[in-house]
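Here is a short briefing on one protein model. Look through the sequence and the 3D view first, then work down the topics.

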Amino acid sequence: MTRTAWSVMMLGAGLAAWRLQVEAAVPAEGRPPRPRNVVVILADDVGWGDLSCFGATAVQTPQVDRLAREGARFTDAHASAATCTPTRYAMLTGEYAWRKQGTGIATGDAALLIEPGRTTLAAVFQRAGYVTGVVGKWHLGLGPGPGLTDWNKEVVPGPREIGFDYSFLIPATGDRTPCVYLENQRVVGLDPDDPIQVSFKLKEENYPGELDGRRDRAQLKMDWDYGHHFAVVNGIGRIGYMAGGKRARWVDEEMADTLAAKGAAFIARNKDKPFFLYFATHDIHVPRVPHPRFVGKTSMGPRGDAIVQFDFQVGAILDALDAHGLAEDTLVILSSDNGPVLNDGYKDQAVEKLGSHRPAGPYRGHKYSAYEGGTRVPFLVRWPKRIKGGTQSAALVSLVDLVATSAALCGQSLAYGDAPDSMDLSAALLDPGTAGRASFIAEGARMSVRDGVWKFIPANARKDGPKRPDTGRLGDPDAFVKGEQDTGSWNVDQLYNTAEDPREAHNLAGTQPERVAAMRAMLQKARTAGRTRP
Ligand code: NG6
Ligand code: CA
């Protein structure tokens with residue numbers, strides 16, 4: 001070796017050593033803090049006030065409360081919409097669902113709503129080297145769609161085509177057919193001699209030999225109130241029909257145990273690699289049929305008992321992280337897909353047994369409505385290695401932000417067209433003093449905008465609210481807890497200060513015309529620009 005070659009080599013080694021030292025001295029600077037694993041737990045229909053760490057006293061949720069104690073509790077976090085499908089669409093794509101036709105509550109035979117190959121939350125993690133999985137409620141369509149999806153074969157496209165390495169799914173909702181699980185896009189336990197057929201054309205005569213929710217009503221173990229009177233599975237009427245697949249049909253009472261076991265197994269299988277798990281419970285959606293061991297755990301009937309069962313599943317996931325020594329460096333985010341609902345179509349005494357419990361906490365409205373209770377949901381973030389436990393944050397956060405926030409945390413850049421409405425809120429997640437997003441557009445029965453503490457619900461922005469004549473009256477802020485619909489009026493502008501008036505009882509639109517104009521323009525601009533991410 002020549003002297004020059006030797007000295008070049010030594011110089012190279014010296015530089016490498018120097019670089020190592022510098023990196024060790026400034027560990028976080030310029031580099032994402034990158035969690036080892038990420039788990040997103042998404043509840044269904046759990047309201048802001050339904051958990052004991054958010055003030056509930058009629059039900060105790062010790063497992064969820066652990067997350068609050070060991071992590072940060074966000075008080076102004078929002079589902080992207082007041083129903084499931086648009087929230088999940090927005091959470092996975094980083095795009096407000098109202099930009100895309102057909103993202104309202106999906107039927108059980110809807111086509112996959114997210115374009116294969118798109119930059120989704122799962123794809124972001126996959127690119128960053130994580131193993132990705134989804135366990136639980138999907139409700140984003142699967143396969144090519146009505147009349148075309150063959151449930152007896154591998155159902156494609158599905159989660160795999162949008163970034164999930166593994167999936168174990170409730171295809172739509174607990175109250176919609178098909179009432180079977182899909183693992184890696186194939187029906188679990190399907191008997192080839194008993195093929196499945198699914199339809200939302202809702203014609204009983206198309207399904208000879210099957211029970212029917214209306215005709216066979218006397219045989220049901222839980223009676224329906226409205227909407228759920230088509231196929232009968234496990235003695236419960238559902239929305240939509242299905243025939244065949246008898247051996248593969250789920251048993252509602254076992255669903256929480258099944259999902260908890262699948263979630264824990266995913267963690268165990270991938271304990272040695274970085275993983276991203278999206279764990280979406282059926283609880284506390286209807287039909288609320290908890291396992292017998294949870295029945296009677298609250299005085300609120302099935303809805304309260306389903307909250308206890310939800311808490312059990314959270315505990316199973318946290319225990320799995322503990323068992324493999326992963327809790328310290330795993331970012332866990334817990335939230336809900338929309339606000340609470342009492343009677344959602346079954347006679348399960350949710351209204352009658354509510355007592356003094358307030359499912360939406362101090363807020364007005366509920367699932368479907370444009371008031372705060374429609375989208376303001378629990379949001380807890382735990383990451384012991386980085387986030388101080390027992391902290392609180394009033395930052396405005398939306399589930400649509402998970403894509404950009406996750407990309408930032410694991411050092412992935414987004415293309416201009418990716419996640420058009422997702423904000424990088426990693427700073428707000430890591431430090432409770434940091435502000436969240438400045439404004440947020442929510443999709444309920446009507447559209448609404450939040451700008452700081454201000455909330456604007458424009459007149460005539462009805463999306464799919466009840467088709468009854470509008471009285472122009474703004475209704476009763478307590479309608480929900482009395483078991484009534486509270487969708488307000490849609491022919492007057494409404495403006496509320498959500499900090500001073502969480503019940504949205506004092507409409508200030510008439511006294512603040514400039515703010516109303518500015519917020520209307522904000523909504524318009526978001527629509528025409530096609531994006532809100534900077
Ligand atoms: C509604 C159902 C309701 C529930 C909801 C979806 C009727 C009358 N109501 O259409 O029971 O299934 O859809 O809820 O059928 S969500 O949380 O998945 O958005
Ligand atoms: Ca829901």
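**The largest pocket**

The lining of the largest pocket is made up of nine nonpolar, 11 polar and six charged residues. Keep in mind that this is a predicted model. The points below start with that pocket, then turn to the sheet, the loops and a hairpin.

- The largest pocket holds about 480 Å³ of space.
- Its lining counts 26 residues. Tyr 226, Val 341, Asn 343, Asp 344 and Tyr 368 lie nearest the centre of the pocket.
- How can empty space be found at all? A probe the size of a water molecule is rolled over the atoms, and this shows where space is left.

**The open sheet**

- An open sheet is formed by 10 strands, with mixed pairing. Read across the sheet, the order is E6-E5-E4-E3-E11-E1-E12-E13-E2-E14.
- Which strands are the edge strands? They are E6 (186-187) and E14, and each of them pairs on one side only.
- Strand E14 spans residues 391-398 and is mostly covered. Six of its eight residues are buried.
- E14 runs parallel to strand E2 (residues 72-78), and six bridges join the two. In one of these pairings, Arg 73 has Gln 392 in E14 as its bridge partner.
- E3 and E4 also pair in the parallel sense, over five bridges. Here Gly 133 stands opposite Tyr 166 in E4.

**The loop between E3 and E4**

- Thr 149 sits in the loop that runs between strand E3 (131-137) and strand E4 (166-170).
- Is Thr 149 buried or exposed? Its relative accessibility is 13%, so Thr 149 counts as buried. The cut-off for buried is under 20%.
- The side chain of Thr 149 has polar atoms close to backbone atoms of two residues. A polar atom of this side chain lies 3.2 Å from the backbone oxygen of Leu 142. The backbone nitrogen of Gly 145 lies 2.9 Å from a polar atom of the Thr 149 side chain.
- Pro 157 is found in the loop between E3 and E4 too. A cis peptide bond joins Val 156 to Pro 157, with omega at about 0°.

**The loop between E11 and H6**

- Thr 281 lies in the loop between strand E11 (275-280) and helix H6 (302-323).
- Thr 281 has a relative accessible area of 0%, so this residue is buried.
- What lies 2.6 Å from a polar atom of the side chain of Thr 281? It is the backbone oxygen of Asp 283.
- Asp 283 is also part of a cis peptide bond, which joins it to Ile 284. Omega is about 10° there.
- Ile 284 belongs to the loop between E11 and H6 as well.

**Positive phi values**

- Asn 234 is not a glycine, yet its phi is positive, near 55°. This residue is in the loop between strand E8 (232-233) and strand E9 (236-237).
- The relative accessible area of Asn 234 is 25%, so Asn 234 is partly exposed.
- Glu 504 has a positive phi of about 45°, and it is not a glycine either. Find Glu 504 in the loop between strand E18 (494-497) and helix H10 (513-529).
- Is Glu 504 buried or exposed? Glu 504 counts as buried because its relative accessibility is 0%.

- Gln 349 is in the loop between strand E12 (330-336) and helix H7 (372-375).
- With a relative accessible area of 38%, Gln 349 is partly exposed.
- Gln 349 and Arg 293 are 56 residues apart along the chain. Their C-alpha atoms are separated by 19 Å.

**A hairpin**

- Strand E15 (residues 439-443) is mostly covered, with four of its five residues buried.
- E15 runs antiparallel to strand E16 (residues 447-451), and five bridges join them.
- Which residue in E16 is the bridge partner of Glu 443? The partner is Met 447.
- A hairpin of three residues links E15 to E16.

Technical notes. Residues are numbered from 1 along each chain as its sequence is written. Chains are lettered from A and ligands numbered from 1 in the order in which they are written. This is a predicted model: local features need pLDDT of at least 70, side-chain atom pairs count only at pLDDT 80 or more; totals for chains, interfaces and linings use all residues. Side-chain values use heavy atoms; hydrogens and water are left out. Buried means under 20% relative accessible area, exposed over 50%, partly exposed in between (1.4 Å probe, protein chains only). Two strands pair if DSSP finds at least two bridges between them. On a 1 Å grid over the protein atoms alone, a cavity is a set of points where a 1.4 Å probe fits but cannot get out, and a pocket is an open set with protein on both sides within 12 Å along at least five of seven lines; lining residues have an atom within 4 Å of a point. Grid points are joined across faces, edges and corners, and a volume is the space filled by probe spheres set on the points. Ala, Val, Leu, Ile, Met, Phe, Trp, Tyr, Cys and Pro count as nonpolar, Asp, Glu, Lys and Arg as charged, and the others, Gly among them, as polar. A polar contact is a pair of N or O atoms within 3.5 Å; within protein, one must be able to donate a hydrogen and the other to accept it, and residues adjacent in sequence count only if both atoms are side-chain atoms.
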